[in-house]
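Subject: Structure handover

Hello,

I am passing this structure on to you.

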Amino acid sequence: MEISKTANKSGAQGRYAERGVSSSKDEVHAVVDKIDKGIFPGAFCKITEDFLTKNPALCNCTHSDGSGTKSLLAYMYWKETGDASVYRGIAQDSIVMNIDDLLCIGVVGNAVISSTINRNAKSIPGEVLANLIEGTEEFLQLLRDFGVDVRSGGGETADVGDLTPTCTVDSCATAVLERARVIDASRIRPGLAIVALSSAGTCAYEPAENSGIASNGLTSARHEMLCKYYAEKYPETFDKHINPEFVYCGTAKLEDALPGSTLSVGKALLSPTRTYAPFVLRLLKEIPTERVYGLVHCSGGALTKSIRFGKNIHFVKNNLLPVPPIFRAIRDAGKTSAAEMHRVYNMGQRLEIYVEERDVATTLQIANSLGIEAKIMGHTEASQRPNGANHITVTTATGEVVEY
């Protein structure tokens, strides 16, 4: 059994960092950690007093995120196939990256979302905009069909060709929440079970198989997997400051079959990000809020995300869900270390639920009822560090032990 350690800092060398991306966002946290953290400073998202209605029993939550560089994959796929409907998935990606973060503080409805599309009008025509806008409305209706009331608050489409050669798709979600229903991840303590929900497969509210890729790590994923053909044909899709060694350095084309999967490489990389909103809605109906100690959306930071929550915690993650084919392919293509893979990609588990042992069976049953694979992936215990700092031990599918 091999044990490796990582400082998990943005300065650490890795293929992700070589492409100008930080999974830990240390530079951002160095600034924002000094400013007001809101009324629940240890929660997954910032929560403020109710500035909107001044109701002392309520609080306000606002979250901004987007589809990231996944929109560049959609651009290449559309240019290669002529299928602009691929952008409907990009609209979903942008929404889910907001809604599923808000789920982690207990927001399961009564939310308004606004989207911003920045495009180069010479590259992105009306049919693409139509699919983005219609895809947004279509996905919001799906959420409402499952009881999660999220409404569109409009948005903005900006023609900014000087800023972007293709397009970016971002969203902002705002909700009002009862303070008594807030899930405060600062309550994560030793002695809890960690239940993981799969990011892959086909759940009850998805029309097709999901690779599990979500919307994190796509900068590296597309460069590791795809071949130089795309660098030559679509130079507008990458940063010219990146060392050419790390630009589209794989062997695959979008239409190639993904080993071990029914999906093509392109379809796998573009699988729309799965939302866990229907699951969390049911979870909070069946388990009292005070017994849900934390929900962690393994987006930026992946399996290391939890290190920011609770105090004096050792997160032991030693029973992971199976690794979906897309992550095996990315790992093999770039010969990427286990430490980097598990802090950049969700590796098949994208939502962690922290509950007492008595609530594990209910949590698993709800997931199974929605066709989502789930299992106990680990537990929390007292920190093993001399200074009591939070730390994480991940045992990978191949038995390698990685410390963060």
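Predicted model: local features only at pLDDT ≥ 70, side-chain atom pairs only at ≥ 80, totals over all residues.

Strand pairing. Strand 11 covers residues 374–382 and runs antiparallel to strand 7, residues 193–198, with five bridges joining the two. Within this pairing, I194 has G378 in strand 11 as its bridge partner. Strand 11 also pairs with strand 9 (residues 313–317), again in the antiparallel sense and over five bridges.

Is E352 buried or exposed? Its relative accessibility is 0%, so E352 counts as buried, the cut-off for that being under 20%. The side chain of E352 makes a polar contact of 2.7 Å with the side chain of Y354. Leaving aside residues up to four places away in sequence, E352 touches I194, V195, G294, L295, V296, C298, S306, K317 and M377.

The second largest pocket. This pocket holds about 630 Å³ of space. Its lining consists of 26 residues, and G89, Q92, P207, A208 and P272 are the ones nearest the centre. By type, the lining has eleven nonpolar, seven polar and eight charged residues. Helix 4 (86–103) and helix 5 (126–145) each contribute at least two residues to the lining. The largest share, six residues, is from helix 4.

Regards

Terms used: Residues numbered from 1 in each chain as written. Heavy atoms only, no water. Pairing = 2+ DSSP bridges. Helix = DSSP H or I, 4+ residues; strand = E, 2+ residues; numbered from the N terminus. 1 Å grid on protein atoms, 1.4 Å probe; cavity = no way out; pocket = protein on both sides within 12 Å on 5 of 7 lines; lining within 4 Å. Points joined across faces, edges and corners; volume = space filled by probe spheres on them. Nonpolar A, V, L, I, M, F, W, Y, C, P; charged D, E, K, R; others polar. Buried < 20%, exposed > 50% of the residue type's maximum accessible area, 1.4 Å probe, protein only. Polar contact = N/O pair within 3.5 Å; in protein donor to acceptor, adjacent residues only side chain to side chain. Contact = heavy atoms within 4.5 Å.
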